[in-house]
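Dear colleague,

I am handing over the structure we spoke about, and my notes on it follow below. Please read them with the model open beside you.

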Amino acid sequence: MTSLLDRAIAALSPERALRRAQARKVLAYYEAARPDKLRKQRKAVGSGDAEVLRAGSNLREQARHLEQNHDLARGALQCLVANVVGPHGIGIEPQPRNSAGEIDDDMAAQILGLWRDWCEKPEVTWSVDWAGLQRQVCRSWLRDGECLAQILEGPVPLLDHGTRVPLSLEAIEADHLPWDFNSQSPSITAGVERNGWGRPVAYHVYKTHPGDAGLSGFLTMASDVKRVAASRMLHIKLADRIRQARGVSIFAAVLGRLDDIKDYEESERIAAKVAASMAAFIRKGSPDFYDANPDGEPRDLRFRPGMIFDDLLPGEEIGLIDSNRPNPQLEDFRAGQLRAVASGIGTTFSSLSKRYDGTYSAQRQELVEGWGLYGVMTSEFIAQFVRPVYQRFISTAIASRQITVPAGINPDTLNDALYLGPQMPWIDPAKEANAWETLEANGHASGPEIIRKRGMNPMDVLEQESRWRRLAEEKGVNLALGQQAQPTNSTAPALALARKA
């Protein structure tokens with residue numbers, strides 16, 4: 001039905017009236033966009049940078065507080081780091097190729113030897129190895145939403161790299177990147193300087209951590225900011241929006257829920273503790289009995305196991321307190337909230353709640369879906385941090401003449417590598433091994449692929465197996481699979497695969 005206002009607009013501006021009619025039709029198809037008293041219709045307006053700048057450091061500080069004071073938040077972060085990076089870090093298997101396109105094993109071995117030496121002291125403080133540094137960076141990346149790492153190569157004043165390849169990393173927390181450092185010319189957003197295409201060209205960072213201002217007695221000033229070229233800085237961030245300059249904590253959408261769970265559990269614990277301290281009361285009869293104590297002094301009735309009340313006054317009786325604590329509905333309510341938290345941060349409910357029940361099929365389905373999410377985060381972490389570090393390692397090793405490139409090696413493939421993240425664990429080793437053995441026997445999977453799925457390096461496994469068999473032969477022990485007594489039924493494939501790997 002056309003309103004009087006619509007007819008007036010149509011008379012003055014037919015084009016505008018047409019746009020109003022088209023918009024009304026669109027709203028008819030999307031009920032959620034219709035104005036309604038029953039819907040709050042909260043909206044996120046502005047660009048990705050505007051949204052993040054409004055939140056500022058608030059989200060990061062809340063996430064850090066929960067990690068420090070809430071066991072669930074700390075456990076969730078530990079679970080994510082363990083499944084994204086793993087106990088041994090992201091493994092790297094060099095894949096340099098010759099002019100024929102085949103992997104050159106000698107060149108790969110030379111690179112791998114230098115890489116393992118570098119992994120012992122990859123950063124300037126020498127406090128952690130490469131796997132430990134990855135875990136620290138990943139933890140900051142997920143909790144704070146971003147992390148920085150400055151690349152230092154070649155001779156650097158007062159810096160001892162400590163490795164044959166002169167390359168070191170300086171891990172930097174996101175606090176060093178000031179939120180209020182903005183400019184239009186050059187284009188700087190929250191400390192990130194970008195060109196006209198939105199590509200970072202430099203980072204403006206504090207020389208010292210702004211949180212140390214109270215320790216040093218000096219305030220962090222704008223003059224304490226230095227400009228670092230993007231070619232020497234890695235910025236690992238969780239970005240939800242396109243061309244977003246700064247990252248957002250992975251806990252951003254669940255901070256309120258985690259805080260509510262913490263408060264609710266604390267209230268239930270206090271209620272249960274108070275209830276456990278209240279056992280019984282004395283019910284008096286007629287008010288005339290209130291002064292019936294002949295001694296006129298307060299009585300002290302101490303509870304003990306198996307006691308019998310034989311000193312009640314006339315008209316008194318013992319009443320027991322039923323506190324209904326602990327709340328029997330607490331576990332179900334908590335489980336429902338944890339499912340929502342697990343969905344919001346990308347971990348599995350079983351890992352977050354530490355409840356491992358259900359059938360094999362249900363556990364495997366949860367594991368498969370969970371590892372799909374972990375795989376996405378692992379891929380992002382490799383692309384933003386691990387791969388750039390390895391590529392810079394190769395170029396530095398060549399520049400410092402630590403790598404000798406023989407003739408016949410394709411130089412474009414020197415930094416080619418396989419990046420091996422954590423692999424999905426086996427729920428039932430016998431079933432998993434049987435499946436992989438069937439795939440290998442039918443040509444649908446290779447031995448190296450199976451070994452990588454177990455998080456191991458095929459060349460390392462081959463060397464270990466070769467050495468083990470040589471030592472066994474020297475001791476007169478026959479390890480030939482065909483001559484050993486074969487186990488029965490379904491354990492045979494699993495053990496056979498275990499021997500291969």
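The accessible surface of the protein comes to about 30,300 Å², and carbon and sulfur atoms hold 53% of that area. Please keep in mind throughout that this is a predicted model. The protein has 501 residues, of which 35% count as buried, and its secondary structure consists of 16 helices and eleven strands.

I begin with the helix packing, and with helix 9 in particular. Two packed helices are described by the angle between their axes and the distance between the axes. Helix 4, residues 58-69, packs on helix 9, residues 255-277, at an angle of about 35°, and the two axes are 11 Å apart. The crossing of helix 4 with helix 9 is left-handed. On the helix 4 side the contact involves L59, Q62, A63, L66 and N69, which meet L255, L258, D259 and K262 of helix 9. Sorted by class, the residues of this contact of helix 4 with helix 9 comprise five nonpolar, two polar and two charged.

Helix 9 also packs against helix 10, residues 330-345, where the angle is about 165° and the axes lie 10 Å apart. Because angles over 145 degrees count as roughly antiparallel, helix 9 is roughly antiparallel to helix 10. Here, too, helix 9 passes its partner, helix 10, in a left-handed crossing. The residues that make the contact are R257, L258, I261, Y264, E265 and E268 from helix 9, together with L330, F333, R334, Q337, L338, A340 and V341 from helix 10. By class, the contact of helix 9 with helix 10 has eight nonpolar residues, one polar and four charged.

R257, which has its place in helix 9, deserves a separate word. At a relative accessibility of 35%, R257 counts as partly exposed. Setting aside neighbours within four places in sequence, R257 is in contact with Q337, A340 and V341. The C-alpha atoms of R257 and L338 are 8.9 Å apart in space, while the two residues are 81 positions apart in sequence.

A further packing is that of helix 5, residues 71-84, with helix 12, residues 360-399, at an angle of about 70° and with 9 Å between their axes. Helix 5 and helix 12 are therefore roughly perpendicular to each other. In this contact C79, L80, N83 and V84 of helix 5 meet W371, Y374, M377, T378 and F381 of helix 12. The contact of helix 5 with helix 12 contains seven nonpolar and two polar residues, and no charged ones.

Turning to the backbone, where does the model place a cis peptide bond? The bond joins S185 and P186, and its omega is about 0°. P186 belongs to the loop between strand 3 (167-172) and strand 4 (188-189).

A190, in the loop between strand 4 and strand 5 (192-194), has a phi near 55°, and R243, in the loop between strand 8 (233-237) and helix 9, has a phi of about 60°.

V192 lies in strand 5 and counts as buried at 1% relative accessibility. Apart from neighbours within four places in sequence, V192 is in contact with L177, S187, P200, A202, Y203, H235, A245 and R246. The C-alpha atoms of V192 and H204 are separated by 6.4 Å, with the two residues twelve positions apart along the chain.

R60 is found in helix 4 and, despite being an arginine, is buried, with a relative accessible area of 6%. Its contacts, again leaving aside neighbours within four places in sequence, are D144, E146, A174, D175, W179 and R246.

With kind regards

Note on methods: Residues numbered from 1 in each chain as written. Predicted model: local features only at pLDDT ≥ 70, side-chain atom pairs only at ≥ 80, totals over all residues. Heavy atoms only, no water. Helix = DSSP H or I, 4+ residues; strand = E, 2+ residues; numbered from the N terminus. Buried < 20%, exposed > 50% of the residue type's maximum accessible area, 1.4 Å probe, protein only. Areas by Shrake-Rupley, 256 points an atom, 1.4 Å probe, with all protein chains shown as cover. Axes fitted to C-alpha atoms, helices over the stretch in contact; angles between N-to-C directions. Parallel < 35°, antiparallel > 145°, perpendicular 65-115°, else oblique. Contact = heavy atoms within 4.5 Å. Nonpolar A, V, L, I, M, F, W, Y, C, P; charged D, E, K, R; others polar. Left-handed = near helix turned anticlockwise from the far one by under 90°.
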